[in-house]
2 protein chains.
Amino acid sequence: MINFKVRLCKWAGLHSNKEATPAFLSLRGNVETGCSVQTRRDPILYRMMMIYLLIAVVCVSVHPVQALDNGLALTPTMGWLHWERFMCNIDCNMDPQNCIREELYMQMADVMVKEGWLEAGYEYVCIDDCWPHHQRDAQGRLQADPKRFPSGIKKLADYVHSRGLKLGIYADVGSMTCGGYPGSLGYYETDAKTFAEWGVDLLKFDGCYMNWTMLGEGYKNMSRALNQTGRSIVYSCEWPLYEWPFHEPNYTAIRETCNHWRNFADVYDSWSSVKTILDWTATNQKILTPAAGPGGWNDPDMLVIGNFGLSHSQQQSQMALWAIMAAPLLMSNDLRDICPKSKELLQNRRIIGISQDPLGKQGYRTGTVDSFEMWERPLSGARLALAILNRQEIGGPRGFPLTLATLPSWQYCNPRCNVTQILPTYQELGVQALFSKQILKINPSGTALLTVTQIQDYSGKGY
Amino acid sequence: MINFKVRLCKWAGLHSNKEATPAFLSLRGNVETGCSVQTRRDPILYRMMMIYLLIAVVCVSVHPVQALDNGLALTPTMGWLHWERFMCNIDCNMDPQNCIREELYMQMADVMVKEGWLEAGYEYVCIDDCWPHHQRDAQGRLQADPKRFPSGIKKLADYVHSRGLKLGIYADVGSMTCGGYPGSLGYYETDAKTFAEWGVDLLKFDGCYMNWTMLGEGYKNMSRALNQTGRSIVYSCEWPLYEWPFHEPNYTAIRETCNHWRNFADVYDSWSSVKTILDWTATNQKILTPAAGPGGWNDPDMLVIGNFGLSHSQQQSQMALWAIMAAPLLMSNDLRDICPKSKELLQNRRIIGISQDPLGKQGYRTGTVDSFEMWERPLSGARLALAILNRQEIGGPRGFPLTLATLPSWQYCNPRCNVTQILPTYQELGVQALFSKQILKINPSGTALLTVTQIQDYSGKGY
């Protein structure tokens, strides 16, 4: 499947400062005049819009951006992945409730259906490292640890499928997994075939124990091998993560190969970790953001909401920013025992709506003012998502003065927009004129998440 | 008032590793044999105990450690202080509910009485910086900002006293406060007299805008000035905080001068900040711990429990470790709007009991094993408080195998102790033999807090 990224020829890409003006927004204002405000029925503006629209259509035709051709992950993958919360806990004698064994995934699948997770969109139940036996079988095939997975992965997949869910599994492009289990190097076709036969729906393919110069070839070969099975298997890579220490990864190739890809360090159960990921992503957004789109996504790692290291404000921030970043929403927590507030946040339909927006454009940081970080994400239906993160970690809630005219995408709301606040609490802020001011109260390390919808005129078209 | 610190002549002080063995515990075992376990009726042990007891009594007689002679802070001060949560917010037009004005302290006083805070022990309502007018009056006296404190501080003190609470105020040893308000340099006697006349019960005396070589003289002079007023005013210093960048402070002099003293950076509303304070304190515990005792305490800064930056596990950790450190419990939060779980934690009588233990010995870190940090604090009544902090910020709750024989103070529980778990949840663990094993489940960034009570024999004496 070929996906197209709308790119205006004139647009030089995203910026990490307040000047970022995404192309599709520039259509709705006079990009030459910078800060000047256009009136509703400006005929010059209208003519310019038509010219830019023409340019845009031409650009779309000549600049196709190819995603992995498997028809999957048209929106960011949603599900549950065991790693951050359960790690490589294989001591089922001491800790039977939390060790890596088939019951864990069966219980999680049961809860996902019963407690509304599937209904909210969380579909994939994903096994991470430490599931295999230390030896391949006589035919060279991977096999699950027989004590911890006595029924085998195929039966587990059947169980998960019977609940209307999908099963994810984990392997490694190199000679061993990070946890020291058998790697897939030399076995790509065998392993892809095994996973397909088992009925696996997603493969997280790690990059340990592999010479970095062979990463590209390895990830591409496994991609082809998965494709050749004929089964729809979401392909989650860690290729760029392992390549960044040596050189800037080729994101065109990565997007052609993988459905999502980890770029940066593992997430931990701490606000420091979440902040480090956000900062790294923003610093590199010129490189990362253009690579994302339907079929292929940057993966900033798991949601750790519902665990032990984030305050509720910080949990709201992770949820909001992961939605803005068009990140896979792979929770790593214990769904059997999660507090109601975390559950409500993870199942918030409005935030999930931003995450899963069909336009599939990744958001970006547009600037930082007075320790408030501003992020935005273009959405379908003439909408924008805005996130304002309070990075001042002292004091009480602070007021952020939201004035649409100060947004990098101000043209979009000329002369007005409808504004909905989603976090910290849902609130319709109503129609806001370009220069009207709304004070948003934002907790330290918390985030205000909003959607901004263009007001349509009588003919149904926005200005 | 003279306080005495029990110090065994032979004891070389506290250690930051697993070998730390406080003197009073060494009385209850054979310190020469290290890891060997004494039986209940070992006559050698009994004779050694008597010898050590004699030595201890002699040492007590010859090594008095003098605290500030004002009869105050015999246990660590408990109360509320505005800084971390409300800072220097003086914009009462924009933020009338949260700006620094008399209503804030009156409301906090009302809530402290109504919601059980006073009953739990939180007695001082403390003003921090930004309360004064920018000019002294014609007589050179400090005066409150007339717009924000129209009734004046004396009236506010009366209000606070009428609720059974005490009032704290803030000033600075140098030429200006940190926020740029008038400093007390050159006005120590005037300001001490003013505070006494107003009915102030505590002074937080900051150290901004002061040549560091003059800090000692300044803090001592204010101490004398306060004493000369004849009013009981708890004297909270920041002398060592401002001296550490230049040289190791003289804690004997500090203890003779102040009721508590800040050593290290301001606390922020984040787990990183709390950890940094804990690490600094543990690193310097050989210097800090001997200085603490009834009448004088190391102050690691405010409790930020009930705000926005700490998860519940992290809030439990701050509460537990502040109790272990015999720290003043000065909350900085909004008591008018605090979640029930944070309130319950801050009012937990068992934790407050550890904090306020009359023996008045500060606890210390005894070691780190497998990312578990172990802290202990000797308590009155042949008891010990233990805190085990899980510093691994990934994964689920981890099991810490508590075996009394592995404690630095194992001799104390020979042959058994009664163990009570206070955090994460209250649980009587009952009588534990020296080599019995209890698995404590501790959340990432969370803490298990326990008390260990020596089992008395039939004659009412411990072994």
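Colleague: What makes A:Asp95 and B:Lys441 a salt bridge?

Modeller: This is a predicted model, and in it the closest N and O atoms of A:Asp95 and B:Lys441 are 3.6 Å apart. The cut-off is 4 Å between a side-chain nitrogen of Lys or Arg and a carboxyl oxygen of Asp or Glu. The pair therefore qualifies as a salt bridge. The rule finds two salt bridges across the interface of chain B and chain A.

Colleague: Which elements of chain B each supply at least two residues to the side that touches chain A?

Modeller: They are α3 (83-86), α13 (312-324) and β17 (438-442). The residues on that side of chain B divide into ten nonpolar, eleven polar and six charged.

Colleague: How much area is buried between the chains, and what share comes from carbon and sulfur atoms?

Modeller: About 2000 Å² is buried between chain B and chain A, with 57% from carbon and sulfur atoms. In chain B, B:Phe308, B:Glu393 and B:Ile394 lose the most area to chain A, together 31% of what that side buries.

Colleague: Why is β13 of chain A described as largely enclosed?

Modeller: Buried means under 20% relative accessible area. Seven of the eight residues of β13(A), residues 383-390, are buried, so the rest of the structure largely encloses this strand.

Colleague: How do you know that β13(A) pairs with β12(A) and with β18(A)?

Modeller: Pairing needs at least two bridges. β12(A) and β13(A) have eight and run antiparallel. β13(A) and β18(A) have seven, also antiparallel. Both therefore count as pairs. A:Glu376 stands opposite A:Leu386 in β13(A), and A:Ala387 stands opposite A:Leu449 in β18(A).

Terms used. Residues numbered from 1 in each chain as written. Chains lettered and ligands numbered in written order. Predicted model: local features only at pLDDT ≥ 70, side-chain atom pairs only at ≥ 80, totals over all residues. Heavy atoms only, no water. Buried area = accessible area lost by both parts, 1.4 Å probe. Helix = DSSP H or I, 4+ residues; strand = E, 2+ residues; numbered from the N terminus. Nonpolar A, V, L, I, M, F, W, Y, C, P; charged D, E, K, R; others polar. Buried < 20%, exposed > 50% of the residue type's maximum accessible area, 1.4 Å probe, protein only.
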